[in-house]
Protein chains: 2
Amino acid sequence: MEKIENSIWMNCSSSSVRRASRQLGQLYGDAMGLTDLRGTQFTLLTQIRYLDEPTQKMLAQAMVMDLSALGHTLKPLIRDGLVELAPDEKDRRAKRVRLTPEGLARQTELVGQWQEAQRRFDAVLGAEKSAELRRTLAFVASEEFAKAYAAAGKKGD
Amino acid sequence: MEKIENSIWMNCSSSSVRRASRQLGQLYGDAMGLTDLRGTQFTLLTQIRYLDEPTQKMLAQAMVMDLSALGHTLKPLIRDGLVELAPDEKDRRAKRVRLTPEGLARQTELVGQWQEAQRRFDAVLGAEKSAELRRTLAFVASEEFAKAYAAAGKKGD
DNA sequence: GGAATTTAATGGTATATGCCACTATATTTG
DNA sequence: CAAATATAGTGGCATATACCATTAAATTCC
């Protein structure tokens, strides 16, 4: 009986990921230090920078995030002048997301702190396992995975 | 330049975990199906059941969650009569968390759906990798990890 | 070309989660 | 034992994230 419960809680991939997510949210968040930017916000700025003026839709996909959730998350950053939206030239439904000079500066500023957090993470888990973990998680987060997961249910559920 | 950004975003363990967390939140959430319970809530009920009347503090630690965050998360469940709080006998500061009969019933009801989700997950990732992933994530979520991470920073940061 | 359908974004509502300040108890200390 | 300190919870506020309904613009189909 107890064993059954135990097996559920230790074997739930979703809650395992969530717990780790909260832990790392803390650890990496602390690394951001003094600045008033959250870890999630740094990630978002970095992703925007990397994609170079993506539409909200594109950005949401890259973040594996709901479009409306992304919109909400962007608001504080827009309010604080780190990010701005501009209508797309071709498709007037779409809006492009880009960093303001301020936003770019802040992102750049924090890269060092991020690196330190990542260095520690790798030190604790080991570079090998660390890289392996990210590979696995990237797959889990992929559309390919979602498709395969859906296909795996075509029988019973 | 672009390569630098790329390396940040692909190598950030924190954002990797978060992305996977969002994906699995979706997938496992869908599995809960018709019921109005979220995946996170099922996890919480399961954890409460497993720990058998933990204090909020104990539950928060098990969930790797902030105490006040836990308190907030419990509110809808208490409101809906699935969970209740009772003051601890010995320590009047503490409150014990327990499932109501209704809560126990709902948790039990959903175990099958959870299993199906987990079955699919294992099918896609492979039982081996799946178990390995959970082991790694459990370590990352542990206090031991947090301590080691802190220790790894005693030099530079 | 105009109606039906699809797509991008927005706003509302609800849960998820964290930090801080504050209260009520307990525990430790002088 | 009383004062100082530590611990468990609570409530407020802010961000994170999802779903739904709605709007506006594009695309598809007679």
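This is a guided tour of a two-chain structure, to be followed with the model open in a viewer, and the model is a predicted one.

**Chain A as a whole**

Along the principal axes, the C-alpha atoms of chain A fill a box of roughly 55 × 40 × 25 Å.

**A salt bridge within chain A**

Next, select A:Glu53 and A:Arg98 and show their side chains, which meet in a salt bridge with a distance of 3.8 Å from N to O. A:Glu53 lies in the loop between helix H3 (39-51) and helix H4 (56-63) of chain A, while A:Arg98 belongs to strand S2 (residues 95-99) of chain A, so the pair ties together parts that are 45 residues apart in sequence. Over all chains, the structure holds 24 salt bridges.

**Where the two chains touch**

Now bring chain B into view beside chain A, and colour the contact residues, of which there are 70 from chain B and 70 from chain A. The area buried between the two chains is about 6,600 Å², and carbon and sulfur atoms give 67% of this area. Select B:Tyr50, B:Arg120 and B:Tyr149, because these residues supply 11% of the area that chain B buries against chain A, more than any other three residues.

Across this interface there are 2 salt bridges, and one of them can be found by selecting A:Lys129 and B:Glu132, whose closest N and O atoms are 3.4 Å apart.

Colouring the side of chain B that touches chain A by class shows 35 nonpolar, 20 polar and 15 charged residues.

**Rings and charges**

Turn next to A:Arg120 and B:Tyr149, where the arginine lies over the face of the tyrosine ring, at 4.9 Å from the ring centre. Then select B:Arg120 with A:Tyr149, where B:Arg120 lies over the face of the ring, also at 4.9 Å from its centre.

For the last stop, select A:Phe121, B:Phe139 and B:Phe145, which ring pairs link into a cluster. A search of the whole structure finds 4 aromatic pairs over all chains.

Key
Residues numbered from 1 in each chain as written. Chains lettered and ligands numbered in written order. Predicted model: local features only at pLDDT ≥ 70, side-chain atom pairs only at ≥ 80, totals over all residues. Heavy atoms only, no water. Phe/Tyr/Trp six-rings, centres within 6.5 Å; stacked < 30°, edge-to-face > 60°. Lys NZ or Arg CZ within 6 Å of the ring centre and 35° of its normal. Contact = heavy atoms within 4.5 Å. Buried area = accessible area lost by both parts, 1.4 Å probe. Salt bridge = Lys/Arg side-chain N within 4 Å of Asp/Glu carboxyl O. Nonpolar A, V, L, I, M, F, W, Y, C, P; charged D, E, K, R; others polar. Helix = DSSP H or I, 4+ residues; strand = E, 2+ residues; numbered from the N terminus.
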